[in-house]
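Thank you all for making the time this morning. I would like to walk you through one structure, going slowly for anyone who has not seen it before.

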Amino acid sequence: MSAVWLNLHHLRLFRAVARDSTLTGAARTLNLSQSALSSQIKTLEASLGHDLFERRGRGLVLTEAGRIALDHAEAIFRTADDLTATLSNAGSGRKALRVGALATLSRNFQIGFLEPLIGRSDVEVVLRSGAQADLLRALEALSVDVVLTNLVPARDASSPYLVHSLSEQPVSLIGLPPASGSADRPLAELLADEPLILPTPESALRASFDALVEQMGIPAKIAAEADDMAMLRLLARAGAGIAVIPPIVVRDELSTGMLVELGRLGGIKEEFFAVTLHRRFPNPLVAELLQTFRNRTD
């Protein structure tokens, strides 16, 4: 059986059509005539021995062979992008690490993770924050090297993600220093009597907290909710109530006495993860950071 020699230019055109689902739109994007694009796709189909599209209405739908071809095309071009990014890094005096961080993630945790690289003259750290779905898309597109998050991405047998557990942080009730004579109050009394500053209901931390107070039979008094750890910290500093947060979020305030830990919520923890991809040419700075962080927490 003779080998099939793939024309990567044809494969790139095929990917563009598959993404657009129309010849017209893909041709416009590629700045080609529709007839020229159609001819190139037919040449690719002939070389592979299978039809890659079937027409439905005004659009094109991938056949089974087309879906298989697209999966391989994405892998091929992802590897090419990976190689280009890695070698362009290797050829310069400075190395770049591109980090995506969940917008609501503790800034103190992010700085702690990146600390070994901060101040190094041979490293440039590019930090991007956003929603988890956007960051994972950037990871798959090789726009970032690692994503920091407290949410485990959904995974199945075909998922490309590698999830590295970094640390587990306790969760506490954090507030302003109590008035004289009101220190050391029982946890149940604090939860029942004090206004609370909570993460929003869609967070894993809030789900754990709601389960705890329901189990204790305590109707929580909610003073404020926020989906951002920095905002929870600021609300606690402003005296809006007692915040349910990991102490690492307010590490500086605890060290100065501006805020105090009033109680520890046993059984509740905040987990932090680094998400990477299987890559043929991984950024060595990611492995360096992961190993340093593990050594520090062991």
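Before anything else, a word on burial: I will call a residue buried when its relative accessible area is under 20%, exposed when that value is over 50%, and partly exposed in between, with a 1.4 Å probe and protein chains only. Please keep in mind that this is a predicted model, in which local features need pLDDT of at least 70 and side-chain atom pairs count only at pLDDT 80 or more, whereas totals for chains, interfaces and linings use all residues. Residues are numbered from 1 along each chain as its sequence is written, and side-chain values use heavy atoms, with hydrogens and water left out.

Together with Leu6, Leu8 and Ile76, Leu48 makes up a nonpolar surface patch with about 300 Å² of accessible area in total. A patch here takes residues with over 30% relative accessible area and no salt bridge, joining like charges within 9 Å and nonpolar side chains (Val, Leu, Ile, Met, Phe, Trp, Tyr) within 5 Å, and the areas come from the Shrake-Rupley method with a 1.4 Å probe, where for residues only the protein chains shown count as cover.

Now to the charged side chains. How many salt bridges does the structure hold? There are 18 salt bridges, each being a side-chain nitrogen of Lys or Arg within 4 Å of a carboxyl oxygen of Asp or Glu. One of them pairs Asp228 with Arg107, whose closest N and O atoms are 3.5 Å apart. This pair links distant parts of the chain, 121 residues apart, since Asp228 sits in the loop between β8 (221-226) and α9 (229-237) while Arg107 is in helix α5 (residues 107-114). Asp228 is buried, at a relative accessible area of 17%, whereas Arg107 is partly exposed at 43%.

A second pair, Asp134 and Arg137, comes to 2.4 Å between its closest N and O atoms. Both residues lie in helix α6 (residues 132-140), 3 residues apart, or about one turn of the helix. In general, an α-helix has 3.6 residues a turn, so residues three or four places apart point the same way. Asp134 is partly exposed at 35% relative accessibility, and Arg137 is exposed at 52%.

A further salt bridge joins Glu261 and Arg264 at 2.7 Å, N to O, with Glu261 partly exposed at 35% and Arg264 partly exposed at 45%. Elsewhere, salt bridges that share partners bring Lys95, Arg120, Asp122 and Glu288 into one network.

Let us return to α6 and look at its other residues. Which residues of α6 are buried? They are Gln132, Leu135, Leu136, Ala138 and Leu139. These residues lie on the same side of α6, because they cover an arc of only 155 degrees around the axis, the arc being that of the directions from the helix axis to the C-beta atoms. Their cover includes β3 (95-102), β4 (123-130), β5, β6 and β10 (260-277).

From there I turn to the loop between β5 (146-149) and β6 (161-175), where Asn150 lies. Asn150 counts as buried, at 16% relative accessibility, and its side chain makes a polar contact of 2.9 Å with that of Glu270. A polar contact is a pair of N or O atoms within 3.5 Å; within protein, one must be able to donate a hydrogen and the other to accept it, and residues adjacent in sequence count only if both atoms are side-chain atoms. Leaving aside residues up to four places away in sequence, Asn150 touches Leu102, Leu105, Glu270, Glu271 and Phe273, where contact means heavy atoms within 4.5 Å.

Finally, the backbone. Most residues other than glycine have a negative phi. Asn31, in the loop between α2 and α3, has a positive phi of about 60 degrees, and Asn31 is exposed at 70% relative accessible area.

How values were computed
Helix = DSSP H or I, 4+ residues; strand = E, 2+ residues; numbered from the N terminus.
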